[in-house]
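Subject: The structure and some notes on it

Hi there,

Here is the structure I promised to send over. Have a look at it first, and then read on for my notes.

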Amino acid sequence: MIRITEPYFSEEEKEALIEIIESHQITRGRWTRAFTDEFARYLGVKHCFTVCSGTVALFIALKALGVDRGDKVVVPAMSFMATIDAVYLAGGDPVVVDVDDFYTLDPNQTEDAVKRFRPKVVIPVHLYGCMADMEAIMYLSDKYGFYVIEDAAQAHGADLKSKKAGSWGHLAAFSFYASKNVPMGEGGAITTNDDHLAEEVRRWIDFGDHPAFNFRITEFQAAIGTIQLRKLDERNERRRHIASVYTRSFKDSFTTPQEREGSTHVYHLYTLRHPDRNRIVEDLRSAGIDARVYYPYLLHELRGAVHLPTPKAETFRREVFSIPVHPYLTDEEVSYIVEALTEIVSSGKIIS
Ligand SMILES: Cc1ncc(COP(=O)(O)O)c(C=O)c1O
């Protein structure tokens, strides 16, 4: 099976892990500092805090903004469930709105939701590696006075107007789960340019004047993350190259992913749409290609949350499927995927 995602490690990671074991400094050491500094510098942000997962990063970001019982938080209909679960765990009340043609939070509907529900926070998700319309969302944030937390779990290295994902909002949350563009196994980070919010984040993760959690990562995770981060741009380039081959090949038979103007899409996932999605996914899997549906349910369907009308997301979630786009695919595998999917869609088995 050609896997949907594949981490890749070299001698460098192995050597770093051995060095950590031999040093006996297995937590709170130089690798954790290196990762934090290098990731902040890479993104162009003042503060970065590592934590043990992306879900925790979202939770801490919400808590740093003071989200508590009954505070409304706007989230898009399409995302991994952690986006909405973090809101519930922080005590907030999610309001789900539709997505635009890029699968990211629709700013027009966000404005409707803001007028109606007066949320404390809005969480745009840079889904599949495509940045949400951050210019429109930050404009609304200034106009109505809500906070913005970017869910950048799928968008390491993406940018808009030369500003990286994770540097636009008041706070941002990243995940370094095994499948992500920067994998650590498990891990997360919170980033911000705001000194005061950085202090609030610190209060939740450092023992001191406030009850705090231990959400730390180990030196092993930090070393893997640092070495992977140093290769991120090169690997994102490879993802973008494979995506361009797919888009050229599939644009007449499928709805292919769009790239927002002035933005670099980092193709955490390459997601197509077709009305006969279920059959196509089955046929791809029979052909040894690990196609998958991200995500079969909308966030309000999963959790019974308050929502605005979501006509786009309802269509998309019945039609989307993702094919392998990870940077370790060989050119032969990419050609095989193109041939197999072209054959599947043109074989007549598909009713579109
Ligand atoms: C969009 C999104 N948000 C949040 C998360 C949560 O991250 P984690 O799995 O590290 O808790 C993930 C990924 O798993 C994700 O894809």
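Predicted model: local features only at pLDDT ≥ 70, side-chain atom pairs only at ≥ 80, totals over all residues.

**The ligand and its neighbours**

The ligand is surrounded by 16 residues, and the closest of them are Gly54, Thr55, Asp151, Ser175 and Lys180. Sorted by class, this shell holds eight polar, six nonpolar and two charged residues.

In Thr55, a side-chain N or O atom is 2.5 Å from an oxygen atom of the ligand. Asp151 has a side-chain N or O atom 2.8 Å from a nitrogen atom of the ligand. Gln154 places a polar side-chain atom 2.9 Å from a ligand oxygen atom. On its own the ligand would expose 380 Å², and the protein buries 92% of that.

Which elements give two or more residues to the shell around the ligand? They are α3 (54–64) and α4 (82–89). The largest share comes from α3, with three residues.

**The pocket**

The space that the ligand takes is the largest pocket. A general point on how such spaces are found: rolling a probe the size of a water molecule over the atoms shows where empty space is left. Here, the largest pocket contains about 590 Å³ of space. It is lined by 31 residues, and those closest to its centre are Phe80, Tyr177, Ser179, Lys180 and His268.

By class, the lining of the largest pocket comprises 14 nonpolar, ten polar and seven charged residues. At least two lining residues come from each of α3, α4 and β8 (171–175). The biggest contribution is from α3, which gives three residues to the lining.

**Two spots in the backbone**

As background, most residues other than glycine have a negative phi, and most peptide bonds are trans. Two places in this model are worth a look with that in mind.

- Arg28 has a positive phi, near 50°, and is not a glycine. You will find Arg28 in the loop between α1 (11–23) and α2 (30–43).
- Tyr294 and Tyr295 are joined by a cis peptide bond, with omega about 10°. Tyr295 is in the loop that runs between α10 (277–286) and α11 (299–303).

Best wishes

How values were computed:
Residues numbered from 1 in each chain as written. Heavy atoms only, no water. Near = heavy atom within 4 Å. Polar contact = N/O pair within 3.5 Å; in protein donor to acceptor, adjacent residues only side chain to side chain. Areas by Shrake-Rupley, 256 points an atom, 1.4 Å probe, with all protein chains shown as cover. 1 Å grid on protein atoms, 1.4 Å probe; cavity = no way out; pocket = protein on both sides within 12 Å on 5 of 7 lines; lining within 4 Å. Sits in = over half its atoms within 2 Å of the grid points. Helix = DSSP H or I, 4+ residues; strand = E, 2+ residues; numbered from the N terminus. Nonpolar A, V, L, I, M, F, W, Y, C, P; charged D, E, K, R; others polar. Points joined across faces, edges and corners; volume = space filled by probe spheres on them.
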